[in-house]
Amino acid sequence: MSPIAVDGPELNIGTSGTYVLLARPKIDPTRPGVIDAARDAGVSPEEFAGPGDVWALMYDEEGDGDGFELPGARDTEADAFAEQLQRALAAAEPFTVEAGNFLRLDARPAGADWVVTAHVTPPEGEEDGAEARTLELGALPAADLLAELERFRKDLG
């Protein structure tokens, strides 16, 4: 975990060990940890914090994770994905939803849970080593997924 507090909307789907996280991280450049980290990096706190408007997709499977930025992604697209996912869950039938060409979720109901598989595809030209992955997110409680989606859409404003 980073010692620097990060705000901003985030949609976390999965468990503590295996998940996908769609987030627009925002770092407060006035926080002491940010100021210290910026000084250590040799940049201003504002430069270290960044603009706070770039979406990212992070993922992990039992400690083997990665992530990538999604330049050009907008809040409206993230909200549309969340809304599409809410509608699919409400239909209570197997479904596939996509967030652009970088995330696809396949899910099927299993009692009060949803068995979810995530297909993660980094943008072309991704240079930091991220590679396409399929993650079995497991059986996730429907009520928890719906609450997470509601919270995410509220955070988007």
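Biologist: Where does Glu62 sit?

Modeller: Glu62 is in the loop between strand E3 (55–61) and strand E4 (66–70). Helices (H or I, at least four residues) and strands (E, at least two) are DSSP runs, numbered from the N terminus. Keep in mind that this is a predicted model: local features need pLDDT of at least 70 and side-chain atom pairs count only at pLDDT 80 or more, while totals for chains, interfaces and linings use all residues. Residues are numbered from 1 along each chain as its sequence is written, and side-chain values use heavy atoms, with hydrogens and water left out.

Biologist: Why is Glu62 called exposed?

Modeller: Exposed means over 50% relative accessible area, buried under 20%, and partly exposed in between (1.4 Å probe, protein chains only). Glu62 comes in at 62%, so it counts as exposed.

Biologist: What makes Thr18 buried?

Modeller: Thr18, in strand E2 (residues 18–23), has a relative accessible area of 6%, so it gets the buried label. Contact means heavy atoms within 4.5 Å, and beyond its neighbours within four places in sequence, Thr18 touches residues including Ile13, Asp60, Glu62 and Leu135.

Biologist: What makes the link between the side chains of Thr18 and Glu62 a polar contact?

Modeller: The term needs a pair of N or O atoms within 3.5 Å; within protein, one must be able to donate a hydrogen and the other to accept it, and residues adjacent in sequence count only if both atoms are side-chain atoms. The Thr18 and Glu62 side chains are joined at 3.3 Å, and the pair is listed as a polar contact.

Biologist: How do you know that E7 and E8 pair?

Modeller: Pairing takes at least two bridges found by DSSP between two strands. Strand E7 (residues 113–120) has 8 bridges to E8, and the two run antiparallel. One example is Ala118, whose bridge partner in E8 is Leu135. Helix H4 (residues 142–156) packs on the sheet, touching E7 and E8, with its direction at about 110° to that of E8. Those angles run from 0 to 180 degrees between N-to-C directions, with axes as lines fitted to C-alpha atoms, for helices over the stretch in contact.

Biologist: Why are E5 and E8 edge strands?

Modeller: The open, antiparallel sheet has 4 strands in the order E5-E6-E7-E8. Strand E5 (95–99) and strand E8 (133–141) each have a single partner strand, so one side of each is left without a neighbour in the sheet.
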